[in-house]
Amino acid sequence: MAGALAALLSLLSFGGRAQDKQLLNHLSLGIGLGMDGIGVVLAVPVSPYVQLRGGYSIFPYSFYKLIETDYVWEDIHLEEIPAMFTCWKGGTGKVLLDFFPGKKTPFRLTAGIYVGPGKYLHWEANMGGIVNEVEYASRTFHYRDFTFSTDKDGKIVADALMKRCVPYVGLGYGRAVKPGKRIHFCVDWGVLITGGTSIQTYNFVDNPSGEPVVLRSKDLVTPGGRQLDRGWADRASDSPVLPMLSFSLFFALF
């Protein structure tokens, strides 16, 4: 009798697994680390061949550097300028669809969209103590053919800016949702299709939000003819894609 009951339970269990159509009936939580920072992701299956992921990432690190120079610019003698550099200012949300060629294959094609402020590189130079406080966001500065200013806090700001909403395509390894397994690992590598980006600083004199001032490599040349950016402003502006790489560890919730 006990043997027959065990066989029946085994058969029912097998039937339950066989009927798992993986239609929004599982949920995994992921912790990711990648070129867009650190983030959390939720994932659900749509079928054995398609999974849906949605998450949000922030870049929690800022890099500080004291720029030392001996340069007179207009009537200002520049000696030491505290500067800060960070990535993905404001954070980034994403929605991704994973397409698998087989029911259990780990390799996949991923397509989706990234949404955020679009500031994938952000730079600030603190001019406090160098520029008079009464000139914050009220005095314009000129360098070659462009005009800019500090913001209301006395900082010169620059960004590498893409659209707020950009498509993503890539390849990946691993399933975010894997029924029967509690912990699993995923890798994603692909590109954001930006169509080109804008390298820009700002003029806050007539616009409190900052009037964008687009920069090209030809603008970033010293009076002596030295190229300050070695052409990187043009390369970043003209490239239609931005490479992305991320690693995620997923935990099955149910």
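In these legends Ala, Val, Leu, Ile, Met, Phe, Trp, Tyr, Cys and Pro count as nonpolar, Asp, Glu, Lys and Arg as charged, and the others, Gly among them, as polar. The views show a predicted model, in which local features need pLDDT of at least 70 and side-chain atom pairs count only at pLDDT 80 or more, whereas totals for chains, interfaces and linings use all residues. Residues are numbered from 1 along each chain as its sequence is written, and side-chain values use heavy atoms, with hydrogens and water left out.

**View A. Overview of the strands and helices of the protein.** The protein has two helices and 16 strands, taken as DSSP runs numbered from the N terminus (helices H or I, at least four residues; strands E, at least two). Of its 254 residues, 43% count as buried, a term that stands for under 20% relative accessible area, with exposed meaning over 50% and partly exposed in between (1.4 Å probe, protein chains only). Among the contacts with a separation of 6 or more, 64% are between residues 24 or more positions apart, a contact being heavy atoms within 4.5 Å.

**View B. The largest cavity and the residues that line it.** The structure holds three cavities of 30 Å³ or more, and the largest of these has a volume of about 80 Å³. A cavity is a set of points on a 1 Å grid over the protein atoms alone where a 1.4 Å probe fits but cannot get out, and its lining residues have an atom within 4 Å of a point; grid points are joined across faces, edges and corners, and the volume is the space filled by probe spheres set on them. The lining of the largest cavity consists of D36, V41, R53, K94, L96, Y114, Y168, D188, W189, M244, L245 and S246, which divide into seven nonpolar, one polar and four charged residues.

View C. At least two lining residues come from each of β5 (76–89), β7 (107–115) and β12 (165–173), and the lining as a whole comprises seven nonpolar, four polar and four charged residues.

**View D. Antiparallel pairing of β2, β3, β6 and β7.** Strands are taken to pair if DSSP finds at least two bridges between them. Strand β2 (residues 37–47) runs antiparallel to β3 (residues 50–58) and is joined to β3 by nine bridges, with a hairpin of two residues connecting these strands and P45 standing opposite Q51 in β3. Strand β3 is in turn joined to β6 by eight bridges, again antiparallel; V50 has F99 of β6 as its bridge partner, and G54 stands opposite V95 in β6. The antiparallel arrangement continues from β6 to β7 through seven bridges, where V95 has I113 as its partner in β7.

**View E. R108 in strand β7.** R108 is buried because its relative accessible area is 5%. A polar contact of 2.8 Å joins its side chain to that of D188, where a polar contact is a pair of N or O atoms within 3.5 Å, of which, within protein, one must be able to donate a hydrogen and the other to accept it, and residues adjacent in sequence count only if both atoms are side-chain atoms. Leaving aside neighbours within four places in sequence, R108 is in contact with R53, D98, F99, F100, G170, L171, G172, Y173, G174, C186, V187 and D188. Two of these contacts, R53 and D188, are also found in the lining of the largest cavity.

**View F. K119 in strand β8 and Q200 in strand β14.** K119 belongs to β8 (residues 119–126) and is partly exposed because its relative accessible area is 26%. Its C-alpha atom is separated by 5.9 Å from that of A160, a residue 41 residues away along the chain. Not counting residues up to four places away in sequence, K119 touches C87, W88, K89, D159, A160, L161 and Y202. Q200 lies in β14 (residues 198–203) and counts as buried because its relative accessibility is 5%. A polar contact of 3.1 Å joins the side chains of Q200 and Y202, and, leaving aside neighbours within four places in sequence, Q200 is in contact with V157, A158, D159, L161, P212, V213, V214 and L215.

Key. On a 1 Å grid over the protein atoms alone, a cavity is a set of points where a 1.4 Å probe fits but cannot get out, and a pocket is an open set with protein on both sides within 12 Å along at least five of seven lines; lining residues have an atom within 4 Å of a point.
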